[in-house]
Amino acid sequence: MEPVKVIIAENHLLLRKGLVALLKDFSELKIVCDVPAGDKLLEAVKGVEAGVLLFDLSLVDNYAVVLETIRKKAPGLKTLVISASDDQDLIGHAIEKGAVGYLPKDSEPAEILFAILTAFKTGYNFNEQVSIIMRNRLVKRRRVTPTVKSATIKFSDKEIRIIQLLSKELSTAEIGKQIYLSHRTVESIRQQMIRKVGARSATGLVLFAAKNGLIEI
C-alpha cells in the first residue's frame with residue numbers, strides 16, 4: 001500500500017514542526033506539506049485527491065465554512081481536528097461540518113498514526129470521547145434512530161456488557177479493568193460490534209442497542 005498523504009495545518013510553529021518530525025518517521029505516511037496560516041489551507045488541499053488533513057481549528061476564525069469547503073472541493077481528503085480544547089460543542093460542531101474525528105494536542109504519536117490510518121481507510125475515526133459527544137448531541141436532539149441493520153443481530157453477554165459500559169462514557173481501558181480484559185481486546189470487540197450492526201461509530205452501536213431494548217441510556 002502506498003503511504004497515506006498527510007497535510008498538517010497548524011499555526012503554532014513548534015507544534016507544527018514537531019508533528020512533521022514525529023510523523024515523517026512512519027513509513028505508512030507521507031507528509032505532503034505543513035500549512036502555517038488559514039489563507040494558505042484551501043490552496044494546499046487543491047491537488048490532494050486522497051489523504052488526511054490534520055487541522056487545528058484555531059488556524060481560522062470560520063472553521064465551519066472551511067470544513068464544509070474542504071468536504072465539497074476535496075472529498076477524498078479526510079479531516080482530523082487537532083485541538084487543545086476539549087469543548088464538546090466545538091468538537092461536535094466541527095464533526096457535523098465535515099471533520100471525521102478529533103485528536104487532542106497531547107496525543108501520543110502511535111495514537112495519531114492509528115487515527116490517520118483509520119480515517120483514511122474507513123472515512124472516520126471516532127474515539128471514545130467523540131463517540132460520547134456525538135451520542136449526547138443526538139440524544140439531546142432526539143435523533144436517536146441510527147441507520148443500521150435489523151435487530152436480528154445477536155450479541156453475547158460479554159458484548160452487551162461492553163455496550164452498557166460504553167453508554168456510561170467509560171473508555172476501553174476502564175472497561176477492560178471492569179471485565180478483566182486488556183484494552184486492546186475490548187477495542188477489538190468494540191470494532192467488531194460496530195461492523196456487525198453496520199454503524200459508523202460506537203455512537204451508532206450504543207443507539208442501536210438502546211433502540212432495540214438491549215440497554216437503557
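Predicted model: local features only at pLDDT ≥ 70, side-chain atom pairs only at ≥ 80, totals over all residues.
User: How many bridges join strand 1 to strand 2?
Analyst: Strand 1 (residues 4-9) and strand 2 (residues 29-35) run parallel. Within this pairing, Val4 has Leu29 as its bridge partner, and Lys5 stands opposite Lys30. The number of bridges joining the two strands is six.

User: What is the handedness of the β-α-β unit made by strand 1, helix 1 and strand 2?
Analyst: Strand 1 and strand 2 are parallel. Helix 1 (residues 13-23) belongs with them to one β-α-β unit. The unit is right-handed.

User: Is Glu10 buried or exposed?
Analyst: Glu10 is placed in the loop between strand 1 and helix 1. Beyond residues up to four places away in sequence, Glu10 touches Leu15, Arg16, Val35, Pro36, Asp56, Leu59, Ile82 and Lys105. Because its relative accessibility is 0%, Glu10 counts as buried.

User: How far apart in space are Phe126 and Gly101, C-alpha to C-alpha?
Analyst: Phe126 sits in the loop between helix 5 (109-122) and helix 6 (128-140). Its relative accessibility is 18%, so Phe126 counts as buried. Phe126 and Gly101 are 25 residues apart in sequence. In space, their C-alpha atoms are apart by 5.4 Å.

User: Why are helix 7 and helix 9 roughly perpendicular to each other?
Analyst: Angles of 65 to 115 degrees count as roughly perpendicular. The axes of helix 7 and helix 9 are 11 Å apart. The two helices are roughly perpendicular because their packing angle is about 95°.

User: How many charged residues does the contact of helix 7 with helix 9 have?
Analyst: In helix 7, Lys158, Glu159, Ile162, Ile163 and Leu166 meet Val186, Ile189, Arg190, Met193 and Lys196 of helix 9. By class, this contact has six nonpolar and no polar residues. The number of charged residues is four.

User: Which residues in helix 7 are buried?
Analyst: Helix 7 comprises residues 157-167. After this helix comes Glu169, with a positive phi near 70°. The buried residues in helix 7 are Glu159, Ile162, Ile163, Leu165, Leu166 and Ser167.

User: At roughly what angle do the axes of helix 8 and helix 9 cross?
Analyst: Helix 8 (residues 172-179) and helix 9 (residues 183-197) have axes that come within 8 Å. The crossing angle is roughly 110°. That makes helix 8, relative to helix 9, roughly perpendicular.

User: Which residues in helix 9 does helix 8 meet?
Analyst: From helix 8, the residues in contact are Thr172, Ala173, Ile175, Gly176 and Ile179. By class, the contact of helix 8 with helix 9 has four nonpolar, three polar and two charged residues.

User: What is the phi of Tyr180?
Analyst: Tyr180 lies in the loop between helix 8 and helix 9, and Tyr180 is exposed, with a relative accessible area of 75%. Most residues other than glycine have a negative phi. Tyr180 is not a glycine, yet its phi is positive, at about 60°.

User: What separates the C-alpha atoms of Ile215 and Ile160?
Analyst: Ile215 is in the segment after helix 10 (202-211) and is buried, with a relative accessible area of 7%. Among the residues Ile215 touches are Ile160, Ile163 and Val206. Ile215 and Ile160 are 55 residues apart along the chain. Their C-alpha atoms are separated by 7.8 Å.

Key. Residues numbered from 1 in each chain as written. Heavy atoms only, no water. Axes fitted to C-alpha atoms, helices over the stretch in contact; angles between N-to-C directions. Helix = DSSP H or I, 4+ residues; strand = E, 2+ residues; numbered from the N terminus. Parallel < 35°, antiparallel > 145°, perpendicular 65-115°, else oblique. Contact = heavy atoms within 4.5 Å. Nonpolar A, V, L, I, M, F, W, Y, C, P; charged D, E, K, R; others polar. Buried < 20%, exposed > 50% of the residue type's maximum accessible area, 1.4 Å probe, protein only. Pairing = 2+ DSSP bridges. Right-handed = clockwise from strand over helix to strand, strands pointing away.
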